[in-house]
Amino acid sequence: MALFRLPSSGPAALAPRGNGLLLRAPQMSDFIQWAHLRESSRDYLTPWEPIWPSDDLTRSGFRRRLRRYSEDIAADRSYPFLIFRELDGAMVGGITLANVRRGIVQAGTIGYWVGKPHAHRGYMTAALRVLLPTLFGELNLHRVEAACIPTNAPSIRVLEKCGFSREGLARRYLCINGVWQDHLLFGLLHEDFRG
C-alpha cells in the first residue's frame with residue numbers, strides 16, 4: 001500500500017484547514033466514504049461532470065486514481081484535495097487544482113464537486129476560501145482559473161463569493177456528461193485576492 005500513499009512533506013502534504021473544514025490529499029483509507037458519497041450523489045453530479053469510467057467507484061479504480069494523483073503532484077501538474085468537516089470527519093466533496101503552468105504563467109485551474117447531502121450549505125464556498133491562501137502562498141500561483149457551465153448557478157455563486165471575475169465564454173469548451181458544452185471562464189489574481 002505504500003505505493004499509493006502520498007508523500008508526508010512538500011506540496012503533497014498540504015492540508016489547509018479553517019471554517020470548520022480540513023482539506024487534504026486523498027488516501028486509500030478514504031475509499032469507502034468517497035465511493036459512498038459519489039454513488040449517492042451520482043444523479044446530482046452527472047449533469048456537471050465528465051462521464052465516469054465504468055470502474056470509477058471500484059477499489060481498483062480508486063487505487064489507479066491515487067497513483068495518477070501521486071504522479072501529478074510529483075510533477076507539479078495537479079493537486080487534489082478532499083474536503084472533510086472537522087466536527088465529525090464527514091467527507092463533503094473535493095477540489096482539484098489542475099493544469100498547473102509554471103514559468104511566466106504561474107497559474108492553475110480549479111474544479112470542484114460537493115456531495116448531494118451537503119449541497120447548498122456553503123461548504124464549497126468555505127472550502128475554496130480555505131484553499132486559496134495555499135494556492136497563492138505555498139504553491140506560489142499568480143492566477144487561479146475556473147470554468148463552469150452557464151446554467152450551473154450554484155457554482156457561479158461560489159466563484160463570485162470567493163472574488164473570481166467573469167472573463168468570458170469558451171464555446172464547446174469541455175465534454176461534460178458526453179456533450180461538448182459552453183463554459184463561462186473565471187479568474188482570480190493573487191493581487192486581487194482578499195484572504
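A residue is called buried under 20% relative accessible area, exposed over 50%, and partly exposed in between, using a 1.4 Å probe and protein chains only. By that rule Arg-101 is partly exposed, because its relative accessibility is 29%. Keep Arg-101 in mind, as we will come back to it.

A word on the ground rules: this is a predicted model, in which local features need pLDDT of at least 70 and side-chain atom pairs count only at pLDDT 80 or more, while totals for chains, interfaces and linings use all residues. Residues are numbered from 1 along each chain as its sequence is written, and side-chain values use heavy atoms, with hydrogens and water left out.

Let us begin with the sheet. Helices (H or I, at least four residues) and strands (E, at least two) are DSSP runs, numbered from the N terminus. Two strands pair if DSSP finds at least two bridges between them. Here, eight strands form an open sheet with mixed pairing, in the order S1-S2-S3-S4-S5-S6-S8-S7. Strands S1 (17-18) and S7 (165-176) are the edges, each pairing on one side only. Strands of a sheet pair through backbone hydrogen bonds, either parallel or antiparallel. For S3 (residues 79-85) and S4 (residues 91-101), the sense is antiparallel, over six bridges. Within this pairing, Tyr-79 stands opposite Leu-97 in S4.

Axes are lines fitted to C-alpha atoms, for helices over the stretch in contact, and angles run from 0 to 180 degrees between N-to-C directions. Helix H1 (residues 31-40) packs on the sheet, where it touches S3, S4 and S5 (107-114), and its direction makes about 95° with that of S4. Helix H4 (residues 123-136) also packs on the sheet, at about 35° to the direction of S4. The strands that H4 touches include S2 (21-24), S6 (143-148) and S8 (179-189).

H4 has a helix partner too: H5 (residues 153-161) packs against H4 at an angle of about 35°, with the axes 9 Å apart. On the H4 side, Met-124, Thr-125, Leu-128 and Arg-129 meet Val-158, Leu-159 and Lys-161 of H5.

Phe-31 counts as buried because its relative accessibility is 9%. Beyond its neighbours within four places in sequence, Phe-31 is in contact with Leu-57, Thr-58, Arg-59 and Phe-62.

Finally, the charges. Side chains of opposite charge can pair when their charged atoms come close. A salt bridge is a side-chain nitrogen of Lys or Arg within 4 Å of a carboxyl oxygen of Asp or Glu, and the structure holds 13 of them. One joins Glu-39 and Arg-42, whose closest N and O atoms are 3.1 Å apart. Glu-39 is partly exposed at 41% relative accessibility, and Arg-42 is partly exposed at 31%.

This brings us back to Arg-101, which meets Glu-145 in a salt bridge of 2.9 Å, N to O. The pair links distant parts of the chain, with Glu-145 in S6 and Arg-101 in S4, 44 residues apart. Glu-145 counts as buried, at 18% relative accessibility. Glu-167 and Arg-143 form another salt bridge, at 2.5 Å from N to O. Glu-167 lies in S7 and Arg-143 in S6, 24 residues apart. Through shared partners, salt bridges join Arg-101, Arg-143, Glu-145 and Glu-167 into one network.

Definitions and conventions: Contact = heavy atoms within 4.5 Å.
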